[in-house]
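Please look over the sequence and the model shown here before reading on. The report that follows takes up ring contacts, then a helix, and then a sheet.

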Amino acid sequence: MSITTAVEARDVVKIYGKGTQAVHALNGVSLSIRAGEFFTLLGPSGCGKTTLLRCIAGFETPTSGAILLSERDITAAPPNQRPVNTVFQSYALFPHMTVAENVGFGLQMQGKRRVEVASTVSRMLALVKLDTLADRKPQQLSGGQQQRVALARALAPAPEVLLLDEPLSALDLKLRKEMQGELKRLQHETGITFVFVTHDQEEALTMSDRIGVMQSGNLLQIGSPRDIYNRPVNRFVADFIGETNFLTGTVENGSVRLRSGEVVAAPVDGRSGTLTLTVRPEQVRIVAEPAPGDLPATVRDITYFGTDTHCQLQLNDGTQVVARLQSPPSGETGLEPGALVNLRLTQGAVQVLGD
């Protein structure tokens, strides 16, 4: 059974300006977002993720390429003719309206009957757990509550796709984490396709069904959070998605000999020459007794993070490596700067990066 596509971008190019002043915001981006999934566009500021979102919303027109919604070409359609709603970072609530009036505004603009508006508003406020605050004004709400109102207002007309442009960035850390769970719950309960834009790797990993990583107007990799984290296609993706270690070595008899001299197992897949490897800090163990393939290292620094302790280490050739260890109940690892240790890389954890 084929999976229905909610949103499709076909070779979308967006160029601002002309000549030497031209800025290439999108360089032939193509992707398909499945109906009913939580899809995240992830990347640093200026990578093109918001530009792509605005092209889907109709606030920007691609220089070339096409945007399709449920297989309908909507490239030239104005925003008000697209069954798409957007939640912005600023919330953009009407200060003179109550919570209920804000949520019902879009329905009224669609000409819905009063009883239908009231019923939908009640249902939406219950969905975002604000049904007791219907008569309050936005300025009487916390930032998290205002965010919920903005979500309810965007969901009320039952759009085919909900676009979210970094909607949690203005919230404090604890509230942001709470809202991450709420967004995922809302997406699951409504079944609406969510397209979420963020530069926060943790948000992307914890909330998404799939992630598209962008850099400099290019879509580098699409995959599940596990795929993106465990099998990054290149150095940028590996470095941007969480913390990682990079090792350099040369292919030798189906393995890789590191610059430090040790040989490690890696999926070289017929490659030759010099390769860049990546291994996540949690896949680096410190062992008491060395074995073939272990890496001698010197402890440089130790940082306590509560549940985790990060050990900064240095290999014989000067390569820096971080090991993330689970903190013991005492919080003391027994390691000291200057200590000589042996590192063991978890089997299968070492990945070979592309260019």
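## Charges over rings

A charge is said to sit over a ring if NZ of Lys or CZ of Arg is within 6 Å of the ring centre and within 35 degrees of the ring normal. By this rule R153 lies over the face of F94, at 5.5 Å from the ring centre, and R280 lies over the face of Y229, at 4.0 Å from the ring centre.

This is a predicted model, in which local features need pLDDT of at least 70 and side-chain atom pairs count only at pLDDT 80 or more, while totals for chains, interfaces and linings use all residues. Residues are numbered from 1 along each chain as its sequence is written, and side-chain values use heavy atoms, with hydrogens and water left out.

## Aromatic pairs

Rings of Phe, Tyr and Trp (its six-membered ring) pair if their centres lie within 6.5 Å, and such a pair is stacked with planes under 30 degrees apart, edge-to-face over 60, and tilted for the rest. Across the whole structure, 5 aromatic pairs are found. One of them is the stacked pair of F236 and F240, with 5.6 Å from centre to centre and 10° between the planes. F38, F194 and F196 form one aromatic cluster.

Both F236 and F240 lie in helix α8 (residues 235–240), 4 residues apart, which is about one turn of the helix; helices (H or I, at least four residues) and strands (E, at least two) are DSSP runs, numbered from the N terminus. A residue is called buried under 20% relative accessible area, exposed over 50%, and partly exposed in between (1.4 Å probe, protein chains only). F236, at 22%, is therefore partly exposed, whereas F240, at 14%, is buried.

## Helix α5

Helix α5 (residues 173–190) has 18 residues, which at 1.5 Å a residue should span 26 Å, and its end C-alpha atoms are 26 Å apart, in agreement. The expected span is 1.5 Å times one less than the number of residues. Just after α5, G191 takes a positive phi of about 75°.

Among the buried residues of α5 are L175, M179, L183 and L186. The elements that cover the buried residues of α5 include α3 (114–127), α4 (143–155) and β8 (193–198), where contact means heavy atoms within 4.5 Å.

Two strands pair if DSSP finds at least two bridges between them. In the order β13-β12-β11-β14-β20, 5 strands form an open sheet with antiparallel pairing. Strands β13 (263–264) and β20 (351–352) stand at the edges with a single partner strand each, so one side of each has no neighbour in the sheet.

Strand β14 (residues 274–279) runs antiparallel to β20 and is joined to it by 2 bridges. L277 stands opposite V352 in β20.
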